[in-house]
Amino acid sequence: MDFALSEEQQAIFDMAKAFGADHIAPHARDWEAVGTIPKDLWPKVAELGLGGIYVSEDYGGSGLTRLDATLVFEALAMACPAVGSFLSIHNMCGGMIDKFGSAETKARWLPALTSMTKIFSYCLTEPGSGSDAAALRTRAERTNEGWKINGAKAFISGGGYSDIYVTMVRTGEDGPKGISTVIVEDGTKGLSFGGLEDKMGWRAQPTAQVQFDDCMVPSENMIGEEGKGFVYAMAGLDGGRLNIAASALGGAQAALDATLAYMGERKAFGKTIDQFQALQFRLAELEVKLQSARTFLRQAAWKLDNKAPDASKFCAMAKMLVTDNAFDVANQCLQLHGGYGYLADYGIEKIVRDLRVHQILEGTNEIMRLIIARTLLAERG
């Protein structure tokens, strides 16, 4: 069993980390203040092959593994978790289209996705169905022109900002078997957006409701088969959970790195505070939390890449463990900074705010516990 990264994987991590340090970290606070990410960042990201991480090379993608992707998002999150996580959502859409779309669908949408000339958002959650995603009510009715959509999606990263919305809609019966996936382009008649949400963290990401009022899309905008949308959405969420965990890990690692530097400079009672044994014990605990989370995350990604039968359970476990550990590490790093940790200048409070939502999205950590427990019970026979 080899836990070491290959030379290629290390190069992927180093490339993403260097890009984040040069092009994201210096601007992260400014982007948070204005509540958006400049669109001229994305072509630079695409030049590195990060616009279509899971997309095959035939359509301009990089064809990387899920494990490779966790390295990318961990590294980018060290610069800003909000920006790295937004990119993971775009890539989740690309993975869904590449895996489930027809040849015509791929040829139509993936080149713009991989080049990031168009930004993609993922629309599943609704005002009345978050954790219970199978109960979604946004409905698409078949017409002579295609599909007429009515309903609303909530908490959509990129709402009003993105160019393409990969949307789960109800085309049939109640429950998961009546859900399909359609693509809605910005500018489509009947597509509108709510006001920007005022959030605790991820403030650089514009987030808004996406609303459909007799919104017409052509039949060819459906991804894959009618009635399979929930299966597609859940398949995308396994990888999405790994990416959100990786982003949390990167943010927490950045907080710990900053804390180590701070503790070597801050003095109390005549010596730097990294010389106090009680605080050294705290640092050791934080390192163990991050390293154990990192190992577990990469095991889960390996299982997903290798189509292990228990991959979904491990993705849920990794999402829960890593995001809980990461938030705890970042929060304790703020404590170790004392009053300075509470100030925006030191960057720690931003990481704490950004990482809090990682315990909620892509399935709350309570839902992760439910998935894990149900799988255990099903396996016991």
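Guide: Helices are DSSP runs of H or I, at least four residues long, and strands are E runs of at least two, both numbered from the N terminus. Leu-343 sits in the loop between helices α9 (311–336) and α10 (348–356). This is a predicted model: local features need pLDDT of at least 70, side-chain atom pairs count only at pLDDT 80 or more, and totals for chains, interfaces and linings use all residues. Residues are numbered from 1 along each chain as its sequence is written, and side-chain values use heavy atoms, without hydrogens and water.

Visitor: Why does Leu-343 count as partly exposed?

Guide: Its relative accessibility is 42%. Buried means under 20% relative accessible area, exposed over 50%, and partly exposed in between (1.4 Å probe, protein chains only). So Leu-343 is partly exposed.

Visitor: And Ala-301, buried or exposed?

Guide: Buried, because its relative accessibility is 0%. Ala-301 lies in helix α8 (residues 277–305).

Visitor: What is Ala-301 in contact with?

Guide: Leaving aside neighbours within four places in sequence, Ala-301 touches Arg-66, Leu-67, Thr-70 and Leu-242. Contact means heavy atoms within 4.5 Å. Arg-66 is 235 residues away along the chain, yet the two C-alpha atoms are 5.6 Å apart.

Visitor: How do you know what helix α6 should span?

Guide: Expected span is 1.5 Å times one less than the number of residues. For the 13 residues of α6 (residues 103–115) that gives 18 Å. The end C-alpha atoms are 18 Å apart, so the two agree.

Visitor: Which residues of α6 are buried?

Guide: Thr-105, Lys-106, Trp-109, Leu-110, Ala-112, Leu-113 and Thr-114. They pack against elements including α3 (41–47) and α5 (81–100).
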